[in-house]
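Hi,

Here is the structure I promised to pass on.

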Amino acid sequence: MAAPMNSVGKTSADRLQANCTSFQKKTRSKLISIPGTRPSVQNGQLLVSTGVTSLDYLLGGGLAVGTVLLIEEDRFDSYSRMILKYFLAEGVVCQHELFVATAQDNPDEILQELPAPILDDVAVPKPVEQPRPTGEPQDSLDAMTIAWRYQNLPKVQSALASSSRFGHYYDVSKTMEAEIRQAAKCHRFYLPDHITPSSAAHSARVESYSALLKSLQEVIHREGFDLATPMSKSRNILRVGLHSLGSALWGDDLCCHDKPRHSHALTTFLYGLRALLRSSLSVAVVTLPSHLIQDRALMGNITRLCDNAIALESFKGSERETNPLYKDYHGLLFVRQVPHLNCLARQLPDHKDLAFKLKRKQFTIERLHLPPDLSDTASRVSRGEPVGVASACGSGASGTKNLDF
Amino acid sequence: MLSELLQGIESGGFLIIRDSCSYSGRDLLKSFITAALNREEVIHVLCFDVSEEELKDGLKPSDTQRLHIHNAYSDPLGWTGHPNFTAQQFSLEDLTNLVKQTSHPKPAVLVIDSLSWILRHKTPPAVCQTLQQLRKGGAVRAVIGLLHTDMHQRGTVGSVCHLATSLISVAPGVKGKEAVARVTKRSKSGKVMQDEEIFCIAEDFTVTILSKASHAEHKTNSTEEEQADPTANLTFNLRLSDSELEAKQKLTLPFVFSKEKKTALLHPGPGSGRILYEPDANDDYDQEDPDDDLDV
């Protein structure tokens with residue numbers, strides 16, 4: 001009659017946030033409880049939220065502490081910057097410490113642009129399968145005459161959501177208030193302050209990455225994130241945000257030349273970063289202008305060295321902008337890699353065709369599905385193929401008509 | 001959007017004009033210089049590609065007091081003992097000193113003709129860092145550069161253009177003196193605006209925007225194809241008249257319930273089968289410790 005013990009324990013832990021049961025499993029908790037984190041239901045890793053709940057779902061519940069998330073930037077660096085800001089804002093709200101490193105703009109500029117959290121937590125997006133209120137049954141019943149039992153079910157399950165909410169929601173139109181922001185401790189690394197450009201130009205190696213790594217290591221050690229200090233002090237998580245690593249402003253010619261001279265500088269840095277993160281309570285988000293890197297093998301190396309990797313492709317400025325298939329979305333999202341930490345298999349998302357949309361109160365990532373009715377003139381676009389190719393084959397639309405079957 | 005850019009670049013802005021060998025962007029660059037001179041701005045030009053006379057050709061002589069041309073054309077690498085301006089001098093300190101030499105109260109606009117020359121003699125990361133510091137430093141108000149895209153690798157062009165706040169790519173137009181400009185503008189808030197315009201440049205370097213280029217040529221072809229209507233030209237009637245439509249809607253189908261029964265089935269009311277359970281002591285069952293007597 002009673003459910004088996006493990007599942008009861010797990011569901012109660014998830015439901016504790018809603019406080020609908022007073023059941024407490026009697027265990028000795030070996031996991032450190034830090035605000036803003038929760039253990040993963042799959043492998044027990046400590047997870048933090050990225051600030052975007054749909055992205056948390058794609059990465060298997062959240063970002064595991066001690067891992068790196070690589071974001072391949074879109075062409076104009078608008079949405080990757082937005083995700084970085086969500087990540088840092090989530091850190092402020094959960095009272096974690098922040099470490100921001102940039103070469104292009106001052107870190108303070110990014111910190112001033114953080115979105116404001118919606119603190120009363122009312123803005124939960126209502127899932128479509130909620131029953132309509134009983135005050136208006138007429139409208140809903142008139143919708144379907146024959147299949148009326150399916151009325152209240154959603155037409156397509158497109159939004160990605162898990163049962164328990166983990167992160168917070170943010171309002172992009174407002175910036176975070178100064179009091180909330182200043183309550184969080186923030187370490188900054190602005191490259192021109194640390195490296196004088198004249199010395200960098202004459203050096204044979206890329207000095208900026210080693211300076212960044214040293215600075216990060218020093219912060220981790222000084223603030224006690226590396227578990228060297230005894231257990232009495234309360235623990236916290238360090239969120240590291242590295243903006244536009246690998247671009248020319250870091251002194252690296254990875255993006256400039258087809259055969260870069262210092263091709264190992266960034267990969268060595270990522271290796272050292274991952275080693276540093278694994279031995280401390282920190283999590284990193286790195287954005288990289290991958291559209292400028294011409295060497296795909298190097299890009300593959302960089303992806304392997306980071307644990308989680310996603311790529312963003314925005315429709316702005318590309319020929320896909322006018323495709324009717326994409327009119328609701330702002331861009332495509334590709335999950336390049338998901339880690340397998342302390343287990344054998346990865347938890348890849350089921351759906352490979354994902355598209356994102358930045359709304360005022362939410363950054364949603366949804367499955368892209370083909371609409372059922374396609375007339376002759378609309379062309380089916382497979383993933384990765386630009387629309388223009390299909391029409392270039394023949395003369396105008398007659399070419400697509402012949403190819404479409 | 002091209003005309004807005006001609007009317008003024010915001011402070012801290014970086015404009016790049018990308019051209020290729022099929023259409024030179026120097027005329028557009030000179031129209032930017034002319035427009036800025038008409039706005040009473042001080043301009044410093046680093047002249048690598050063409051000689052000073054050729055650059056001044058066509059500009060009004062009365063404006064030349066505010067126009068300072070640094071001749072890097074005659075000796076860009078410093079082979080004679082006393083060069084005017086060399087490619088190696090493209091660094092923050094040298095440029096700041098250069099601009100400060102002509103002491104004007106307002107910060108100047110720096111025009112670089114062309115960036116390609118500098119990119120061939122200095123590494124792209126160094127050039128990018130210098131340009132970024134020039135923008136942020138405040139020694140110059142704005143930077144305008146000309147870049148020949150076919151002289152560099154794609155990554156180099158991409159890296160330099162990644163820094164730009166406004167980007168104009170020019171290409172030859174369909175008819176004689178016209179050219180197509182693709183303008184991309186990034187604002188401070190992160191919003192990106194794009195536009196494509198056809199323009200032509202007059203003798204005195206004023207730009208007339210002719211029209212917006214139409215992308216829709218291949219789209220209109222596809223919409224021209226008429227949908228064939230399959231219900232036409234049949235020997236039987238597939239359409240309904242109005243009275244037939246009414247009769248159809250009045251027909252009650254079997255297994256169609258009344259509205260009350262439907263609502264009752266769709267929205268189960270309270271008390272129709274909810275299980276209320278309060279967990280008691282027997283549920284506190286730990287499988288690893290069934291007798292509850294381990295003391296760990």
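Below is what I found, going from whole chains down to single residues.

First, the ground rules. This is a predicted model, so local features need pLDDT of at least 70 and side-chain atom pairs count only at pLDDT 80 or more, while totals for chains, interfaces and linings use all residues. Residues are numbered from 1 along each chain as its sequence is written, chains are lettered from A and ligands numbered from 1 in the order in which they are written, and side-chain values use heavy atoms, with hydrogens and water left out.

Chain A

Chain A has 13 helices and 14 strands (DSSP runs numbered from the N terminus: H or I of at least four residues for helices, E of at least two for strands). Of its 405 residues, 48% are buried; buried means under 20% relative accessible area, exposed means over 50%, and partly exposed lies in between, with a 1.4 Å probe and protein chains only. Taking contacts in chain A with a separation of 6 or more, 73% are between residues 24 or more positions apart (a contact is heavy atoms within 4.5 Å). The chain exposes about 20400 Å², with 53% of that from carbon and sulfur atoms (Shrake-Rupley method, 1.4 Å probe; for residues, only the protein chains shown count as cover).

Chain B

Chain B has 10 helices and 9 strands. Its radius of gyration is 35 Å, well over the 19 Å that the globule rule gives for 296 residues, so chain B is more spread out than a compact globule. That radius is taken over C-alpha atoms, and the rule is 2.2 Å times the number of residues to the power 0.38. The C-alpha atoms fill a box of roughly 100 × 90 × 35 Å along the principal axes.

Residues to look at in chain A

S280(A) sits in the loop between α10 (263–278) and β10 (282–288). It is buried, at 5% relative accessible area, and its side chain reaches the backbone oxygen of L276(A) at 3.0 Å. Beyond its neighbours within four places in sequence, S280(A) is in contact with V65(A), I220(A), F225(A) and D226(A).

Most residues other than glycine have a negative phi, and most peptide bonds are trans. D77(A), in the loop between β4 (68–72) and α3 (79–93), has a positive phi near 55° and is buried at 8% relative accessibility. Q95(A), in the loop between α3 and β5 (97–102), has a positive phi of about 60°, but Q95(A) is exposed at 57%.

Residues to look at in chain B

Which residues does a cis peptide bond join in chain B? They are D113(B) and S114(B), with omega about 0°. S114(B) lies in the loop between β4 and α5 (115–121).

T102(B) is in the loop between α4 (92–101) and β4 (108–113) and counts as partly exposed at 22% relative accessibility. Leaving out residues up to four places away in sequence, T102(B) touches H44(B) and H68(B). T102(B) and V45(B) are 57 residues apart in sequence and 13 Å apart in space, C-alpha to C-alpha.

Cheers

Definitions and conventions:
Polar contact = N/O pair within 3.5 Å; in protein donor to acceptor, adjacent residues only side chain to side chain.
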